[in-house]
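Biologist: Thanks for sitting down with me. Could you put the model on screen so that we can go through it together?

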Amino acid sequence: MKNIFLILFILITSFGSSQQCNSVLTGKISDFHDNTTLENATIQIIGTNKITISDEQGNFEFKNLCKQTYKIEVSHIACKTKVVNIEVDGNTYKLISLEHHLEELSEVTVKAKEQTTTKTAQETLIKTDVLERYSSLSLGDALKEVPGVSSINTGNTIVKPMINGLHSSRILIMNNGVRQQDQEWGIEHAPNIDINNAGQISVIKGSGALAYGGDAVGGVVIINPSRTINIDTLYGKTILGGQTNGRGYNITTTLNKNYSSGWFAQVQASYKRNGDFKAPDYYLTNTGLDSKGFAGRFGKRNFESGFEVYYSYLDNEIGILGASHIGSVFDIERAINSGQPLLIRDFSYDINAPKQEITHHLAKANYYKRFQGFGKVSVQYDYQYNQRLEFDVRIGDRRNIPAIDLTLQTHSFLADVDLDSNLDRKVKFGILGRYQNNFANPDTGVRRLIPDYDKYDFGAYITTEWKLKDNLILDGGLRYDYVHIDAKKFYLKSRWEERNYDQDFADIIIEEFPTQYLTNPVFNFHNISASAGVRIDLNDENRLLFNYSLASRPPNPSELFSDGLHHSAARIELGDIRFDKEVSNRLSLSHSYNTDRLRVLSEVFYNRINNFIYLRPFDFILTGRGPFPIWEYQQTDAELYGIDLTVIYDISDKIQFSNKSSLTKGYDVETDMALIDMPPFSTINQIRYTNSNWNNFSASLKSEWVFEQNEFPDFNFEVEDQLTEEMVLIDISTPPAAFNLIHFYSEATFDLSDKTKLNIGLGINNIFDQSYRNYLNRLRFFADDLGRNFTLQLQLNY
Amino acid sequence: MKINYLNLNAMKTTKFLFKTMLCLALVSSFTSCSDDDDPAPVNEEELITNLTLTFTNTTNPGDVVLMSSVAPDGLEDGLSTETIIGSFTPGASYALTIGLLNESESPAEDVLNGDIIPEADEHFFVYAVNGLNLTMTRDASDIDGPDGSKLGVNTTWIAGASSFGNLQIRLIHEPSTVDDSDEFGSATGGSEDFNITFSGVVIN
């Protein structure tokens, strides 16, 4: 009886549907990535009960279909479900590919795995939650979370990152995929980056990441914005902060809108302001800061293709300690001997000369497309505009005219190809074209510090990653860069002869003036860089990393063209247009030990840099301001080596102890002298209590112990006080004493609603208001460093 | 491979975007490239190339001691040459006239009257002698300097017994504190615009 009804039902339905419903749809399901077939994929015709499974060859079949367009849903375990429209007309064949290997493509983090850029280099990731604590500080401050990374400062608002003893032009900074070009050759030029723009930061010691450049002799800093998610959502965060030292306040807001179609948009704005900072015994007059930033990006990010348009703006006005404005060597001597700044006024928010005003615009557009069975191709164009004004203490109507006015514009084109169809043998290659123009405005009335120049860069690289076994990865890379610099430089005739350029470079003079020559030096550099490394997982707990890298760095504009008085340092600095490129050979070895309770990471490196360029005093000139030391850039061979250690031990599930220590040594091989500005040994110990039941409350006490740098070059000199005919010792070399600072930090997170969270962080830096000076602070001759500082930060996530 | 209808549109859009970016980039690089003119030389305005100290005997105008320091590239970072013509007569009183010029400009710029004196409240001259029997006073008619002191431009010098030694003149810009109670003057802080010592000054 049932059977008759069934037969009738089938007959009726088959008559009920279209008269010609005998089309057959066959097809094959494959993996987009590497074109392998996918077995056991589920294929269903939406709106019907027709469902089938793909066989071993990925084939599937539907019979008795009508001539119409069907909506087919294909799904597979660990793949993103795909819906396609198929027009069926007679026998139809359809190839459908699914995105397999989701966890390899870094689009969605399935497990909490570290998404590092390199596999065998010494790379440390700083995540969002740590970066948020530095909202009121600078990039250089945040990077010091990594042992081995210190900073060279001019006061505490100008913070330049230093990786294993190397800084400035030896550090490459990538800001959302754009190589930062902001006159980083200057010792007083901090990176112009808003820390609040960063979602996560990777610090790579050495030049392991060849895709970005071949001249990162010191290291690479990769700043990435927070990831976009392909779901319909609107979320954001606002951070409000205040601090007692400097009476500073800061606010930043980020808003994100994402769509499941892949579209996304983000806007972010920051404002930071502080007045004069305070050392334990006095105010540091004229150390205020006024900083404004804005960034916006939008685009579409799908698996197969995507694009992004990004723009960021940063405007900084930075005051430099008033007492550091000196005219002569005797001013420095008086400053050193007085023990405290010779200019101390009451607190003020005013920022007067000497000060810096920097504006940085960055714009980028990039597009990528993935090709089946091949990989990903991406192209990018980016543009940067950096204007730097430095105001000196001047008289008359020149008071408001900067002494330095430099505008740097850079255009870059990049194209990269990622061949990742074979996950065990990945290859990446790309090319780069860059044009840069520097304009030094003569309206300053001061001879140009850096001349006008045009610079062209062409680069090509290839990197590869081989996964030989589950526990053995090899990677390597090769890169070639061609750099062409065409400058127009004025030399005083007296300097031209003193440098003996009249003998070697007479042919580059293009015009003669009463006291100066206009010359046109042109440089060409061919740079080869390479890297090779291996990563071995000895067992579940132990991992070894070994890496060799070769980097080449052409001399920067300051090393080539410096030619005159560096006011703030009261010394004459001379570059040399004869310089060769620096070539660094770096070996590194890391060992990490990971168990549930204990994590130990030790990183050792040896860096041999040939043609190492640095500044050292070599003579005097007796000017109308008294004797000035002349510092000359030298090219020598140097070697640096060191060890960085991180230990994290969970004493209990609520108490954690950690230690970060770093020892770096650097020597001029030719003279056997220590290199200048090497970071002294430092060790940071921290005890932290966390209780997830108390609104994620945590409190930590940190001891920062910096030893005295006992290996330093003795660049002290004696000058004659012409009046008394006595010799006066100018001691600019002796590093300050060791110091130990205790800091406290505590925070808790409250759920205001199911979508809104409030995090409150309270910190006390330098709890005991300890007086100290830091060897790596160029203003250490004039004043102590910061005294006690109470900080409060409120963060709202919504 | 059958290309989905949607993909084709995306390809067209991206091709257009690409061309636009290329054009924009080329245009902007051409505009910066078009700056083929040579840069203009900068002749520094704040240079002091010539310092002259003219000591004139108040009772015998013919008795003059002239000290000059000349630095063609500027006193700041250029080599300077000091010369002394004449010697002081013991017991005589001399009026000092200071000259500060920037001779890299044509006509020469008078830095003293053009820049220093108009900003007298931010400058201070400091004098010193070593081995010489010279004393000085800042005239009542001297220009007012910072904090109720006298700038040190109009001064009178008295030569004592025969001696020889060094005479120093310094110009301090924006000193933190000044003190002219000993007439020669002292200052803390600020920066030295110049610090010149004449050696071999003679009283005989």
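Biologist: Let's begin with the contact between chain A and chain B. How many residues does each chain give?
Modeller: Keep in mind that this is a predicted model. On the side of chain B that touches chain A, the elements with two or more residues are α1 (5-33), β6 (123-130), β9 (163-173) and β12 (191-203) of chain B. Counting both partners, the contact takes 50 residues from chain A and 48 residues from chain B.

Biologist: Now the inside. Which residues of the largest nonpolar core touch the most other members?
Modeller: In soluble globular proteins, nonpolar side chains tend to be buried together. Elements of chain A that give two or more residues to this core include α3 (139-143), β12 (171-175), β14 (200-205) and β15 (219-224). Of its 47 residues, those touching the most other members are A:Ala142, A:Met174, A:Ile195, A:Ile201, A:Val203, A:Val220 and A:Val221.

Biologist: Which residues does A:Ala142 touch, leaving out those up to four places away in sequence?
Modeller: A:Ala142 is one of the core members with the most contacts to other members. With those sequence neighbours left out, A:Ala142 touches A:Ile126, A:Leu131, A:Tyr134, A:Leu137, A:Ile195 and A:Ile201.

Biologist: How far apart are the C-alpha centres of the two domains of chain A?
Modeller: Chain A is divided into domain 1 (21-100) and domain 2 (122-797). Their contact takes 6 residues from domain 1 and 5 residues from domain 2, and the side of domain 1 has 1 nonpolar, 3 polar and 2 charged residues. The C-alpha centres of the two domains lie 53 Å apart.

Biologist: Last topic, the strands. How many bridges join β32(A) to β35 of chain A?
Modeller: Let me start on the other partner of β32(A). Strand β31 (residues 522-537) of chain A runs antiparallel to β32 (residues 542-553) with 8 bridges, and the two form a hairpin with 4 residues between them. With β35 (residues 582-594), also antiparallel, the number of bridges is 12.

Definitions and conventions
Residues numbered from 1 in each chain as written. Chains lettered and ligands numbered in written order. Predicted model: local features only at pLDDT ≥ 70, side-chain atom pairs only at ≥ 80, totals over all residues. Contact = placed C-beta atoms within 7 Å. Core = buried A, V, L, I, M, F, W, Y, C linked by C-beta atoms within 7 Å. Buried ≥ 20, exposed ≤ 12 C-beta atoms within 10 Å, placed from the backbone. Domains from an automatic or database assignment. Nonpolar A, V, L, I, M, F, W, Y, C, P; charged D, E, K, R; others polar. Pairing = 2+ DSSP bridges.
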